[in-house]
Amino acid sequence: MEKYWRSLEERDNPKEFKKTELLAELEHKKAVHTQENGTSRRDFLKAFGFTVAGSALVASCKKPVEKAIPFLIKPEEVTPGKANYYATTYYDQGEYCSVLVKVRDGRPIKIEGNDLSPISRKGTSARVQASLLNLYDDARFKSPLKNGEPVSWKVADEAVVASLNKLGSEGKMVLLITPAIISPTSRSVISSFLTAYPNITWQVYEPMPASGILKANEASFGRAVIPDYHFDKAEVIVSFAADFLGTWLSPVEYTSKYAAGRDLRNGRRMSRHYQFEAALSVTGSNADIRIPCKPSEETAILADLLQELKKLSGSPGTVSKLTSHDLTAVASDLWNKRGKGLVISGSNAPENQTIVNAINQLLENIGSTITFDRSLLALQGTAEDSAAWIAGLTKGQVAGIILMDVNPVYDHPEGGSIGEAISKLELSVSFADRNDETTSLCQWTCPGTHYLESWGDAEPKTGSYSLTQPVIQKLFDSRQAEESLLRWTGNEISFYDYLRQHWQTEIYPRQNEYINFTDFWNNTLQKGILELPVTGPSLNYSDQGLAEALEKATPSSDGWELVLYESIALKSGKYANNPWLQELPDPIAKISWDNFASVPVKWAEEQKIANEGVIAINGIELPVFVQPGQAENTIAVALGYGRTIAGKTGNGIGKNMFRLVNQRNHGREYFVQGLTVEVTGKKYPLALSQTHHSMEGRPIVRESTFDEWSRNPASGNEIREEHLKHYTTLYDKPEFPGHHWGLAVDLNSCTGCGNCTIACQVENNIPVIGKEQVRARRIMHWIRIDRYFSGAPENPKVSFQPVMCQHCDNAPCENVCPVAATPHSSEGLNQMAYNRCVGTRYCLNNCPYRVRRFNWLQFHGNDKFDYASNSDLGRMVLNPDVTVRSRGVVEKCTFCIQRIQEKKHLAKVEQRSISDGEIEPACVQSCPSGAFVFGDMNNHDSRVFRLIGKSSDPGIPGDPRNYHLLEELHTLPSVGYLTKIRNTNA
Amino acid sequence: MGKRDRISPAPARQGRLLLFLVITVLGSLFLPVKGSAESGSGDYNIRRGERFFKGLLPFDRKHAACASCHNLTPTDTLNWNPSAWEISVKYAGQDFESFRNAVMEPMGGKMAEVHQQFNIEDEDLRHVKAYLDSMATKGPASARPTFFNLMLFLFLGIVLTWALIELIFIRRIRYRFVPVILFLGAFGWQAKMVVEEAIRLGRQQHYAPDQPVKFSHAVHVGEQGIDCMYCHTTADHSKSAGIPPTNLCLNCHVLIREGTHSGRFEIAKIIEAAEKGENLEWIRIHNLPEHVFFSHAVHVGAARLDCNQCHGPVEEMHIMRQHADLSMGWCVNCHRDTRVDFVDNGYYDTYIKLHEQLRAGKIDTIRADHIGANDCMSCHY
């Protein structure tokens, strides 16, 4: 059997590792009794005695009076106690997602995927889920500000307009800097604003632009657009450091399509995925074949691949091979699947993308897996354009600046000088809804609204539209940026009316489904999306720029290279003040609350540096994480950290790496050559959760290869048969008269993106506990994604496994509870009655899956945990259907019992049975890859029954790939896992 | 979380009020009463108004004092008439004329009947208005808090301590069983109190607070026969039964402006609230702990329970009160006894085995706890 390990220490010396782990756990447990309060058992007894006497006396006083305040006039669509769902659009940091927002009694409390969207389908990402909390952030601006002092909108409007007019009459240049505007109506507002003030220049600025693709496509196809990538249609995917399952362009869409192309539950087809990259990314960890390489090598490898393919096409050139990588397998796979391959690159260097275009053209992929009729509009800026206006700004050629949702002072390599220049301008205005490094330097802050308070629309892809609608009244005295621009143009219309008018004149005539605009509008608003037919441009490929690009391909250089990447949680750092995202462990390193330097294993061994040792990269000190799979001579560090003005949670977390971004040829490339790396000998503690909640090296992950699976679907899962043979019990067979809830997890679909962890956190009021507590092994997430490595540490295979409460029908935790706080339900759920729990933690110790969590401290409403749930505003996000647990209580996954009960109640009232798929726990609902299937195992037509059978009956084992965790313990879990299949070529 | 107000005992204020009352009564007997209102100071007017309101002025009266109908302090019994505090708030912002009209020329109904023979001079009325205005700013007199339980507990504690001291140190009583019995009795009684109070902790059976409007379920349900669901519209499809929005009251009360018991004053509150766009803040009676999930929809919409099975004889309640103790034992017992509409409700088709057993006659009825109503996580999550 393959050996799986979670950290290098475990791999090298499992025994010693186990010992240190146990010791560490023991230490933390010991610390609890002495640490925080120093109360002893006797103090407790004393307090207990007084409490009983006191409570008896208090009981004779009156109870607090609760008020019940009805509506004055009840809105028709609002039913107290029932949630409404509204379709709206998330678009931020270049990421688009069509979402449904759950609104309970006027408060948005959860974001779900919109299943009608052809782009994001039903999926969301961790960022989308967590964006909800940004609405209830204390750091938001409460009113317009002038140099930090509150002013009224009237004062701000008059002053800004006067200043704009003055600068206009003097003919001085004013910049309007925005991220990519994918809203057609906002674009129209901006263009009318620009007409009113001709001295204003509009520039698009993005911290991570896609300039490489845009420039290369302009050369190759004559249009600077990002094409539509069809990962579902591709049979061979070759990605050069494009983290398309994590952060690249449209990850939710790509994850869903990628998983569809590899879904073995419904089909027998599976794409093969090659990944060339330096730092182990989420995408790389899902690849069938991963080839570590230095970022500077990429151009050469691409050139070699092109050469190899040309050879196969029968027109070999004379160019000699530039790198030592063996590309024959990749090339022959691609060549054999001509028209069904997909080669992409995450590089921002136009030459790389030009060669990628040549390869895809040669392979006839253009038009099949890469199409241009619905091109992606989510990223529009180029680094070169930004470089031009930034040069103008820093040279003093600009008199004023208006910033809409951009933060170049933080996320541009020249942020310092940009900041200096902005603070000297005659006029500087920011529309940011909360303070940031750039806004704090502006004279005027005209706070925009959160997207859940705004009207708007979006065109993420040509011809694909969606609408944004407010789901809550504005919380503060803020105003949508578009509305501000309209006011300053002298237009008093509300943005809502403007939007409707724009849709009536521009979009309504382009459809023929509705014959009445109101119908059209209401229906589109309800669905959230609108698909209009498009006629794709006929694009002709030309090899313009290819020759120069190939010339730039040089063999790899020596020396260190630094890879800068967007982290899954924080992306480019805009949401740094979001405690949910800060506490989301990195999918690979499993580190939260910091960025760190991932260093190669071999180098760390040579230097004798271990995790938490500190190195200085070009003078920036960073803690080390020894990363298996990190390419030699490379170091990877996440961007998005090191914010200084973000809010109480985000300030000073990690180091800002944007300053090191490489500005070669006025572009921006996210790797740096020629580094100095020094070992400092210092130590820095990291919140590393990867080795917590260990399952002691038992066969947890099971996997096979596609070839094996094709021959024998049970391959890799042979041990299960053995376990089923030994199925015997002294207990009665558990009976479930009605439902028997079960969850299937397809390890082959799970990409480890972390969306479910945050979705669960939002749904179930899971507290944020901070770095110190995470270090103390108390992370509260009900669903954790275990990451296992196997094979050589230089380039390991990676497996992800979401683990939540397994809802065992023969649960070890249930038997040991002295107060029966965790009994089994008649529907197969392992229940947890918080109010009965006295906190013995016997259940925690007896759970073989380590899925139970203990509230060691009061995490909600406690000043020591100054995150979202410590303010009235932050607590508005709490789900009213889920108890907020207090100190001393055990909690764990409930299969989202509140959702099960809600649908059961609905079905009972409607006198019908529950349909399969009607109930979806939070993790299931928004999983972009559809890795989870939830349902009733008693219903033999349900999807979950087909996949995992009936967990309590060895006669019905389900899909041959199905297995249960630690089945040999006879715990009879209700969660089934489907083996991971790798489509390797060996 | 709703707002929480605690009624705090205020013995000091009580004492002052008592002193004040004694002085005013004595004062009214001995001090010569000044005839002219204009010459008096504000304070004087208020004091005089108060005395008039309470009927303490020594002059010929053909009618009862204001305070005999309009409570000054909250009472345990139902008084349909508006209290002094309510009147003071209502007329605080209005001029004397409207106040005079309201008192002297009431619009009909019960109030007109009672106020008919009123013969009050404007000057006296002015004083009353001044008194009420000052009350509106100062707030109502607080109810006398009940100390009974606490006092009893402390008294028993003293008895207990004394008995113990007597038994061990003083030994003056010849019959030793007397302090022993006293000790055991006091201790036992205290223990009983503690146990009872501890069980009652957080429960509010028979809780019947004063509401901002004297809304009578007895009138609306009992006399008028209005269906519960007419007002509590969401009881059969939402978790919460729903307190009717104010505009729903106006469906009828846009025409019905006078009640049989309360006259115009109470209904006027609703109309005023609707006109001003202010919310009525009712006092919530049925308070389940926050870790309990209860859905009206399942009990009313699916199980078709009668409302009064839990809420009691609402049609007889002038003041709404909590009928059941809403304890977990009460819930669980009802689940054990209540039959489920197992055959007709399509939802239960899922329970194939139970249906088979039912058909085979192995079981005769399905009760709520057979289908998991008493699972912990049916209510606690």
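Student: What makes a set of residues the largest nonpolar core here, and which members touch the most others?

Tutor: A nonpolar core is a set of buried Ala, Val, Leu, Ile, Met, Phe, Trp, Tyr and Cys residues joined through C-beta atoms within 7 Å. The largest such set has 276 residues, and Ile355(A), Ile359(A), Leu564(A) and Ala597(A) touch the most other members. Helix H10 (residues 298–313) of chain A contributes the most to this core, seven residues; helices (H or I, at least four residues) and strands (E, at least two) are DSSP runs, numbered from the N terminus. This is a predicted model, in which local features need pLDDT of at least 70 and side-chain atom pairs count only at pLDDT 80 or more, while totals for chains, interfaces and linings use all residues. Residues are numbered from 1 along each chain as its sequence is written, and chains are lettered from A and ligands numbered from 1 in the order in which they are written.

Student: With which residues is Ile359(A) in contact, leaving aside its neighbours within four places in sequence?

Tutor: They are Leu305(A), Leu306(A), Leu309(A) and Val343(A). Contact requires C-beta atoms, placed from the backbone, to lie within 7 Å. A second, separate core of twelve residues includes Ile46(B), Phe52(B), Phe53(B) and Cys66(B).

Student: Is Asp941(A) buried or exposed, and how do you know?

Tutor: A residue is buried if 20 or more other C-beta atoms lie within 10 Å of its own, exposed if 12 or fewer, and partly exposed in between. Asp941(A) has 10 other C-beta atoms within 10 Å, so Asp941(A) is exposed. Its place is in the loop between strand E37 (932–936) and helix H30 (943–948) of chain A. Asp941(A) lies 26 residues from Ser915(A) in sequence, with 9.9 Å between their C-alpha atoms.

Student: What makes strand E7 (149–150) and strand E9 (200–204) of chain A stand at the edges?

Tutor: Seven strands of chain A form an open sheet with mixed pairing, in the order E7-E6-E18-E17-E16-E8-E9. E7 and E9 each have a single partner strand, so one side of each is left without a neighbour in the sheet.

Student: How do you know that strand E6 (residues 145–146) and strand E18 (residues 444–445) of chain A are joined?

Tutor: Two strands pair if DSSP finds at least two bridges between them. Two bridges join E6 to E18, which run antiparallel, and Leu145(A) stands opposite Thr445(A).

Student: How many residues does the contact take from chain B and from chain A?

Tutor: Chain B gives 60 residues and chain A gives 48 residues. H9(B) supplies the largest share of the chain B side, five residues. That side has 26 nonpolar, 21 polar and 13 charged residues, where Ala, Val, Leu, Ile, Met, Phe, Trp, Tyr, Cys and Pro count as nonpolar, Asp, Glu, Lys and Arg as charged, and the others, Gly among them, as polar.

Student: Into which domains is chain A divided?

Tutor: They are domain 1 (68–209 + 381–510), domain 2 (212–376), domain 3 (557–688) and domain 4 (700–730 + 742–982), with bounds from an automatic or database domain assignment. The C-alpha centres of domain 1 and domain 2 of chain A lie 34 Å apart; 15 residues of domain 1 are in contact with 14 residues of domain 2.

Key. Two residues are in contact if their C-beta atoms, placed from the backbone, lie within 7 Å.
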